[in-house]
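I opened my notebook today to get to know a new structure. Here is what I looked up, entry by entry.

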Amino acid sequence: MANKLSLTASYIAVKFYGLTLNPKIASHFKPFTISFYEKVVSYLPAKLSWNQTAFRSRFWRNFFVWWEELLLPGDLMHIISRKYYVENAVQKAINAGCEQLVILGSGFDHNGALFAAENLPSFEIDTPSMIEHKRKMLTKIDFNSEYLNLCPIDPANQNIKEVLLETGEFDPNKKTVFLAEGFFDYLSLDSTRAVMKNITFLCPDLKLISTFFDLGELNFFHRFMFTSGVAMVGETLKLPLNRKEFLSLLNEFDIKIENETSYSKIEQDLISKMDIDLPVLKGFYILESYKC
Ligand SMILES: C[S@@+](CC[C@H](N)C(=O)[O-])C[C@H]1O[C@@H](n2cnc3c(N)ncnc32)[C@H](O)[C@@H]1O
């Protein structure tokens, strides 16, 4: 599938764009981040970018939120939350001495461009077709930085170590922050172990920022809506672990959690500051960890 666009990655951008039309939400993000996703949405094919016009109408925005909340409560605010907390966690890792950023399954995420624009060597890894879409999108918006490396991977035949070293820019001896936002959920247990083995072997000094969904915390109907929503766009949630099992998998690779942000903490913190009356998806966690 030469030109396959990840619809999960695309809908993240669409939802973020639509929600940040609300100034109460937008005021918590950098102008760079807001305008990045607006430009992603303009880049997307018409069947997705029509949302840009529709969302300008308050009626359609409210209808969209009502409909989404009916099917999977908290899905919308989990997108806002992950973009907010992950960007802050990457900044924290840089402040703590990380000198390069690797984004696993980067999709249309903005962090590579944001931090490359601040001269941090950044490496985005995704399938060849998604990397091609990202390259075209960045060209269309005139984004250019010698610090941003777009790295296509053929997961069946290549590993992360090879694609990073092939760039000639990646230095395994530098302290590195790896970002896995909405990534491991799409990998099998064996592939997740292979990625963990690969990155911990490659970089002795690393931090890992990862999102995690514990589907067991959702009721039957919401779990069905989550998994079938992903399946309907041709992708599959494959990681069969609950939160406790995921933490012990990280532990196998000497990865220790230094900060965990749960959906309930996000509701008490960010969402109440925004003064927004919407929940955050149950079972959603953001994990900040390091190799000891
Ligand atoms: C749900 S999207 C998340 C995108 C982005 N991280 C974000 O949160 O905005 C998952 C992304 O992972 C990519 N992906 C899935 N399996 C992958 C693999 N084995 N190697 C690299 N990328 C992969 C998909 O192409 C897609 O862009």
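Where is the place of D275? I found D275 in the loop between α13 (263-274) and β7 (284-291). I keep in mind that this is a predicted model.

**Entry on D275.** Next I asked myself: is D275 buried or exposed? D275 counts as exposed, because I find 8 C-beta neighbours inside 10 Å, and the cut-off for exposed is 12 or fewer.

**Entry on helix α3.** I then turned to α3, which runs over residues 31-43 and has 13 residues. From first C-alpha to last, α3 reaches 18 Å, close to the 18 Å expected at 1.5 Å a residue. Which residues of α3 are buried? I noted T33, F36, Y37, V40, V41 and Y43. These residues sit on the same side of α3, because they cover an arc of only 160° around the axis. As for their partners, the buried residues of α3 pack against α1 (7-19), α4 (46-54), α6 (75-95), α7 (111-116) and α8 (128-140).

**Entry on the ligand.** How many residues surround the ligand? I read 20, and the closest are T8, G105, G107, P155 and G182. The largest share, 3 residues, comes from α1. By type, I have the shell down as 10 nonpolar, 7 polar and 3 charged residues.

Technical notes. Residues are numbered from 1 along each chain as its sequence is written. This is a predicted model: local features need pLDDT of at least 70, side-chain atom pairs count only at pLDDT 80 or more; totals for chains, interfaces and linings use all residues. Helices (H or I, at least four residues) and strands (E, at least two) are DSSP runs, numbered from the N terminus. The expected span of a helix is 1.5 Å times one less than its number of residues. A residue is buried if 20 or more other C-beta atoms lie within 10 Å of its own, exposed if 12 or fewer, and partly exposed in between; C-beta atoms are placed from the backbone. The arc is that of the directions from the helix axis to the C-beta atoms. Two residues are in contact if their C-beta atoms, placed from the backbone, lie within 7 Å. A residue is near a molecule or strand if its C-beta atom, placed from the backbone, lies within 6 Å of it. Ala, Val, Leu, Ile, Met, Phe, Trp, Tyr, Cys and Pro count as nonpolar, Asp, Glu, Lys and Arg as charged, and the others, Gly among them, as polar.
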